Amino acid sequence: MYQDIVARDYQDTHRKVSPLRKADDAIEVDTSDLTIDEVEEVVQDIIDKAL
C-alpha cells in the first residue's frame, strides 16, 4: 500500500499537464507523530495566529 501511495504521489507531481504542487502560501503540518488532539491544537494555533 505504501508503494502505491508513493507511486501515485510521484505521478501526480510529475505529470505534464497541471502537475500537483503545494500552494506558495500553504502551511504544511507534519502529523506523523501527533495524536488527533495534537493535530487539532496545531491547526487551531495556526488559525488563531492568522486572525
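**Labels and their cut-offs**

Modeller: Of the 51 residues in the protein chain, 2% are buried, where buried means under 20% relative accessible area, exposed means over 50%, and partly exposed lies in between, with a 1.4 Å probe and protein chains only. This is a predicted model, in which local features need pLDDT of at least 70 and side-chain atom pairs count only at pLDDT 80 or more, while totals for chains, interfaces and linings use all residues. Residues are numbered from 1 along each chain as its sequence is written, and side-chain values use heavy atoms, with hydrogens and water left out.

Biologist: Why is Leu51 called exposed?

Modeller: Leu51 has 83% relative accessibility, and because the label exposed asks for over 50%, Leu51 counts as exposed. This residue is found in the segment after helix 2, a helix being a DSSP run of H or I with at least four residues, numbered from the N terminus.

Biologist: What makes Asp37 exposed?

Modeller: Asp37 has 54% relative accessibility, so Asp37 also passes the cut-off and counts as exposed. Asp37 sits in helix 2, which covers residues 36–50, and belongs to a surface patch of negative charge together with Glu38, Glu40, Glu41, Asp45 and Asp48. Such a patch is made of residues with over 30% relative accessible area and no salt bridge, like charges being joined within 9 Å and nonpolar side chains (Val, Leu, Ile, Met, Phe, Trp, Tyr) within 5 Å.

Biologist: Which residues form the nonpolar patch?

Modeller: Val43, Ile47 and Leu51 form that patch on the surface, and together they have about 300 Å² of accessible area, a value from the Shrake-Rupley method with a 1.4 Å probe, for which only the protein chains shown count as cover for residues.

Biologist: How do you know that Arg8 forms a salt bridge with Asp9?

Modeller: A salt bridge is a side-chain nitrogen of Lys or Arg within 4 Å of a carboxyl oxygen of Asp or Glu, and since the closest N and O atoms of Arg8 and Asp9 are 2.8 Å apart, the pair meets the definition. Side chains of opposite charge can pair when their charged atoms come close.

Biologist: How many salt bridges does the structure hold?

Modeller: The structure holds four, including one between Arg21 and Asp24 with N and O atoms 3.4 Å apart.

Terms used. Lys, Arg positive; Asp, Glu negative; His and termini not counted. Charge placed at Lys NZ, Arg CZ, Asp CG, Glu CD. Helix = DSSP H or I, 4+ residues; strand = E, 2+ residues; numbered from the N terminus.
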